[in-house]
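Here's a quick briefing to read alongside the structure. Take a look at the model first, then go through the points by topic.

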Amino acid sequence: MSALFSWIRSEPWGIHVVPADAWVDPGKAVARALVTHGHADHARGGHGATVATPETLAIMKLRYQTGDGPSGGETTPVQYGETIRLPGGVDATYIPAGHVLGSAQILLEHGGERVICTGDYKRRADPTCPPFEVTPCDIFITEATFGLPLFTHPPIEGEMAKLLERLAAYPDRCVLVGAYALGKAQRVIAELRAAGHHQPIYLHGAMEKMCRLYEEHGVELGELRLVADTAKDDMRGHIVIAPPSALNDRWSRRLPDPIAAFASGWMRVRQRARQRNVELPLVISDHADWNELTRTIEEVDPVETWITHGREEALLRWNQLHQRRARALALVGREDEDE
Ligand SMILES: [Zn+2]
Ligand SMILES: [Zn+2]
C-alpha cells in the first residue's frame, strides 16, 4: 500500500499531498492549504492559498482574516460536488461532511487512486448543513473523537425536550446553555425552533457574528437578542446561549438565577458535567459516535482506514477484529476544542 500511495503522506501537523505540495488542515502556515472546515484545530490563518467551501472561507475570513488584506493570502472557493485540479495532477472534490456549516470531506484522486480526508463528521441530520455523503475510496482518513464504544449520542429530540421541560418548570429562572460558538450554538438554536420554541433566544456577545454568518448563508435562527442589550428580569423563562467558558464566569451574574446546561458529546461522561458544575447535561455532538464511526467504515468499505483525531486505539482494534486494514496517525494539535 505505502508504495502505491506514496503521493499522500501523514506528517505530525497534517496530511501532505505530495505532487500538489498541498496540505489538508495543516497545523501551521503553508503555501497551499486544503481546509475541511472552520474549527480552530483544522483552519488557521497565514496560508499562502486556502482552498475550501465558500462557507468555510467566510468563517475563516471572520476568524482569521483569510483572504482579507495583504497577509490573508489567496482563496479558492469550491462548491460541494465540485472538483478542482491541483498542481501535479491531483484532483480534489469537496463532499458534505455533516459536521458544521461548510464542512467537507476532501476526496483526493491521483493516478486512479482515491483518498478521502473526512475532517470531522457526523451522520445525524443537522438543519444547519447538508448530510454526510458516503463516497467510495481506497484510503479513508477518519476522525475518531468519540472512538470508544461507551460514546453513543442519543437522539437530539430527547435532549431538546429535556431542555424545554426544564425551562417550563422554572419560569422565574433562565436556562444558560454552554455551546461552542461555531456549529453547536447554531444547531441548538435551529433544533429549538424545529421543536416549536419560537421565543426570543438570548446570546452572549461572542456568539453574535457567527450566528449572523449562518443566517447570511440561509440558516434561519429566529429572533435572537443580545444579553448585553437586555434587562435581567426580561430573560426570566428564556434560553440564553453562551460559550462554555462563560458558564462559571462572572458574566453569568447578569442572568436571572441561571440553570447551567452544556451541549456536548462529552456530557455522556458524568464526571465532565460535574467538573463544570453543569446542572443539565445535554448530550449533543457534531461528531460521529462509536456506532456511526464503525458503520461509516463499513459503508465506505475502503482498502485501508487511517485513524486520527482522538481515541485511535479502540477503533484500530475494531478494524483488526473485523479483518480491516487500519493504522493510527499521530497528528499533533488535534484537540476537542470544537466539542
Ligand atoms: Zn470540527
Ligand atoms: Zn476537529
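Let's start with a helix: H4 (residues 208-216) lies across S13 and S14, running at about 160 degrees to S14. This is a predicted model, where local features need pLDDT of at least 70 and side-chain atom pairs count only at pLDDT 80 or more, while totals for chains, interfaces and linings use all residues. Residues are numbered from 1 along each chain as its sequence is written, chains are lettered from A and ligands numbered from 1 in the order in which they are written, and side-chain values use heavy atoms, with hydrogens and water left out.

**The sheet**
- Six strands make an open sheet in the order S14-S13-S15-S12-S16-S17, with parallel pairing. Strands here are DSSP runs of E with at least two residues, helices are runs of H or I with at least four, and both are numbered from the N terminus; two strands pair if DSSP finds at least two bridges between them.
- S14 (224-226) and S17 (280-282) are the edge strands, and each has a single partner, so one side of each is left without a neighbour in the sheet.
- From one strand to the next, the twist averages 30 degrees. Axes are lines fitted to C-alpha atoms (for helices, over the stretch in contact), and angles run from 0 to 180 degrees between N-to-C directions.
- S13 (residues 201-203) and S15 (residues 239-242) pair in the parallel sense over three bridges, and Tyr202 stands opposite Val240 in S15.

**Another helix on the sheet**
- H2 (residues 156-169) lies across S12 (175-178), S15, S16 (259-263) and S17, and runs at about 155 degrees to S17.

**The cores**
- The largest nonpolar core has 35 residues, and Val177 and Ile241 have the most contacts inside it. Such a core is a set of buried Ala, Val, Leu, Ile, Met, Phe, Trp, Tyr and Cys residues joined through side-chain atoms within 4.5 Å; buried means under 20% relative accessible area (1.4 Å probe, protein chains only).
- H3 gives the most to this core, with five residues.
- Leaving aside neighbours within four places in sequence, Ile241 is in contact (heavy atoms within 4.5 Å) with residues including Val177, Ala185, Ile201 and Met207.
- Apart from this core lies another, of 25 residues, among them Val24 and Ile84.

**The cysteines**
- The disulfide count is zero, taking a disulfide as a pair of cysteine sulfur atoms within 2.5 Å.
- For Cys129, the nearest cysteine sulfur, that of Cys211, is 15 Å away.
- Cys129 counts as buried at 11% relative accessibility, and Cys211 counts as buried at 0%.

Terms used. Buried < 20%, exposed > 50% of the residue type's maximum accessible area, 1.4 Å probe, protein only.
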